[in-house]
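Look at the model below before reading on. The paragraphs after it go through the structure part by part.

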Number of protein chains: 2
Amino acid sequence: MSTYLTILGFNSAIPTVKSAPTAQFLEMEERCFLIDCGEGTQVQLRKAKAKFSKINHIFISHLHGDHVFGLPGLISSFRLLGRETPLNVYGPKGIKAMMEAIFKYTETYQGFEVIFHELSSKNSEKIFEDNRVEVYTIPLDHRIYCNGYLFKEKPKERHLNMKEISKYPEIEICDYHNLKRGKDFILKDGYVLKNEVLTTAAEPPVSYAFCSDTRYLESIVPIIKNVDLLYHEATFLHDLKEMAEYTGHTTALEAAKIARKAKAKKLILGHFSNRYADYQVFLNEACEIFPETYLPQQLEPVKI
Amino acid sequence: MSTYLTILGFNSAIPTVKSAPTAQFLEMEERCFLIDCGEGTQVQLRKAKAKFSKINHIFISHLHGDHVFGLPGLISSFRLLGRETPLNVYGPKGIKAMMEAIFKYTETYQGFEVIFHELSSKNSEKIFEDNRVEVYTIPLDHRIYCNGYLFKEKPKERHLNMKEISKYPEIEICDYHNLKRGKDFILKDGYVLKNEVLTTAAEPPVSYAFCSDTRYLESIVPIIKNVDLLYHEATFLHDLKEMAEYTGHTTALEAAKIARKAKAKKLILGHFSNRYADYQVFLNEACEIFPETYLPQQLEPVKI
């Protein structure tokens with residue numbers, strides 16, 4: 001039940017033969033999340049051998065084509081494959097009207113429900129929660145309304161130490177639940193068995209923050225504080241800082257600054273402008289500020 | 001100035017890792033036409049090294065996703081590449097409203113004009129003509145309003161036979177135009193120089209018919225009569241004739257019948273259902289009826 005991120009594409013604006021536009025497949029605590037859905041995402045999912053049909057929640061950052069033009073095709077394929085499970089789509093206000101216009105003219109009648117959760121707040125909000133995972137928006141600053149997303153595992157259950165537990169016949173199966181949650185066990189004679197004797201530590205919950213597209217924005221730091229992995233766009237190098245500002249993007253140096261301020265454990269850069277043939281230059285610039293920076297590896301799952 | 005067809009994708013419904021959904025690039029008399037535009041077409045155009053920016057006319061057969069979901073991305077990329085030349089899009093009524101809804105919500109502001117030519121006639125009509133090429137609709141019978149397209153070179157100019165022409169100083173450069181068009185030349189003494197002495201034959205004009213998606217439909221035969229190359233969908237084998245009828249498609253056997261009745265010179269099949277792993281079965285079935293049948297070769301240009 002580890003958490004894996006598969007970057008399906010990280011190209012900015014125009015897709016190329018080498019790299020697809022933005023889309024990511026996140027498997028966290030057995031939940032399958034799709035983040036953004038550029039053109040060709042359904043084929044990238046196939047290539048990644050991702051659990052295609054288990055995607056029940058899609059998070060769209062913003063309505064620029066390179067982040068959303070794969071959505072109509074994906075939903076259409078779900079229908080053709082006989083999907084029945086409802087699909088939740090989170091994205092900016094307008095996504096519902098746009099998708100419904102497309103469904104109407106292409107006569108795409110879903111055999112399943114598509115539930116649109118339209119976002120318009122400028123503040124971070126919790127938009128998804130179940131017993132194991134929470135998702136929050138990370139309001140960004142782009143040319144169009146845009147959110148990043150923070151995915152957090154909830155604290156996990158401790159592991160039973162059966163060798164110790166078997167020494168006390170008084171502990172029954174119905175008590176395991178409380179033990180996993182960290183409670184001590186009180187014997188009939190009043191003796192307190194400390195939880196840390198009866199259980200071993202749970203895996204620490206992990207978190208992942210996706211931030212694309214945005215200008216350099218320090219207000220996201222408190223939201224993503226101590227995140228295990230941060231994906232942050234770095235469309236330009238810092239010598240094109242003005243261009244980045246003008247087009248609503250971040251430089252590699254700035255992305256590294258955000259990672260350092262947020263005390264992220266790792267940073268992956270992406271969304272590089274097509275003007276750069278060699279991505280190593282982004283890594284060089286960012287590593288000066290934040291050494292734990294990595295380049296995206298398309299279709300290769302990363303354990304968080 | 002030969003005519004080349006590059007099949008960019010021929011998959012039906014759901015794109016796969018191997019084959020893309022329907023799209024074709026036709027280069028006829030130096031005009032670049034795009035026929036249908038399934039998801040991922042812009043990347044297929046790149047892979048084919050097609051003259052991307054020279055596409056001024058796009059013909060969409062119908063508004064099912066596997067024939068049109070690549071159009072928003074292609075137009076968006078044209079804009080990002082700084083296109084200024086107007087773009088003509090031919091397709092079923094509704095295509096304009098759908099594309100404009102997408103442009104609105106994705107804030108895609110073209111720096112160039114997109115001229116939509118909406119089609120709704122049930123009869124074949126000439127929808128494009130310039131001095132060298134004509135394009136006609138081929139009304140088809142699918143679950144949704146659908147047209148195939150017939151592309152015809154106009155008769156070409158004859159070639160000057162300079163060896164003969166140079167024997168007659170009376171023939172001046174300004175006379176060449178008439179000679180190329182087949183006119184005889186009358187000398188001052190009244191003697192008639194026959195055109196076939198002064199010129200050699202022009203290359204015969206070629207024609208190409210694209211027919212997808214449709215039920216078996218004999219009414220298209222007179223429209224595509226004697227076509228040099230026919231691309232016809234063959235979603236199923238004939239043992240699934242009922243399924244073909246129900247879903248609005250043709251079998252390989254029926255496509256071959258159409259080619260034979262139309263006296264087409266060659267037939268390429270495509271739009272195969274994903275249920276078939278080996279396409280050879282389509283070829284076997286069709287060749288019984290029409291031996292000059294071929295399978296589509298994705299991204300390999302075919303000279304017509």
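Predicted model: local features only at pLDDT ≥ 70, side-chain atom pairs only at ≥ 80, totals over all residues.

Residues are numbered from 1 along each chain as its sequence is written, chains are lettered from A and ligands numbered from 1 in the order in which they are written, and side-chain values use heavy atoms, with hydrogens and water left out.

Begin with the charged side chains. A salt bridge here is a side-chain nitrogen of Lys or Arg within 4 Å of a carboxyl oxygen of Asp or Glu. Over all chains, the structure holds 38 of them. One is formed by A:Lys51 and A:Glu27, with 2.7 Å from N to O. This pair links distant parts of the chain, 24 residues apart: A:Lys51 is in the loop between helix H1 (41-47) and strand E4 (55-59) of chain A, and A:Glu27 is in strand E2 (residues 23-28) of chain A. Helices (H or I, at least four residues) and strands (E, at least two) are DSSP runs, numbered from the N terminus.

Another salt bridge joins the side chains of A:Lys241 and A:Glu254, at 2.5 Å from N to O. A:Lys241 belongs to helix H9 (residues 241-247) of chain A and A:Glu254 to helix H10 (residues 252-261) of chain A, so the bridge ties together parts that are 13 residues apart in sequence. How far are these two residues covered by protein? The terms are buried (under 20% relative accessible area), exposed (over 50%) and partly exposed (in between), with a 1.4 Å probe and protein chains only. A:Lys241 is partly exposed at 26% relative accessibility, while A:Glu254 is buried at 4%. In chain B, B:Lys241 and B:Glu254 also meet in a salt bridge, at 2.5 Å from N to O. B:Lys241 is partly exposed, at 25%, and B:Glu254 is buried, at 3%. Salt bridges can also share partners: A:Glu29, A:Glu30, A:Arg132, A:Glu153 and A:Lys156 are joined in this way into one network.

An unreviewed UniProt entry lists A:Asp66 under "active site"; UniProt positions are given in the numbering used here, feature names are shortened, and annotations may be inferred rather than shown by experiment. A:Asp66 sits in helix H2 (residues 65-68) of chain A and is buried, with a relative accessible area of 11%. Leaving aside residues up to four places away in sequence, A:Asp66 touches A:Asn11, A:Ser12, A:Ala13, A:Pro21, A:Thr22, A:Gly38 and A:His271, where contact means heavy atoms within 4.5 Å.

Helix H3 (residues 71-80) of chain A has eight of its 10 residues buried, so the helix is largely enclosed by the rest of the structure. Among the buried residues are A:Leu71, A:Leu74 and A:Phe78. Just after H3(A), A:Gly82 takes a positive phi of about 80°.

On a 1 Å grid over the protein atoms alone, a cavity is a set of points where a 1.4 Å probe fits but cannot get out, a pocket is an open set with protein on both sides within 12 Å along at least five of seven lines, and lining residues have an atom within 4 Å of a point. Grid points are joined across faces, edges and corners, and a volume is the space filled by probe spheres set on the points.

The structure holds one cavity of 30 Å³ or more, and the largest cavity has about 80 Å³ of space. Its lining includes A:Met98, A:Ile102, B:Met98 and B:Ile102. Helix H4 (95-105) of chain A and helix H4 (95-105) of chain B are the elements that give two or more residues to this lining. By class, the lining of the largest cavity has 10 nonpolar, no polar and no charged residues; Ala, Val, Leu, Ile, Met, Phe, Trp, Tyr, Cys and Pro count as nonpolar, Asp, Glu, Lys and Arg as charged, and the others, Gly among them, as polar.

The largest pocket has about 720 Å³ of space. H3(A) gives the largest share of its lining, five residues. The lining of the largest pocket has eight nonpolar, 16 polar and seven charged residues.

Last, the backbone. Most residues other than glycine have a negative phi, and most peptide bonds are trans. The bond joining A:Ser212 and A:Asp213 is cis, with omega about -5°. B:Glu30 is not a glycine but has a positive phi of about 70°.
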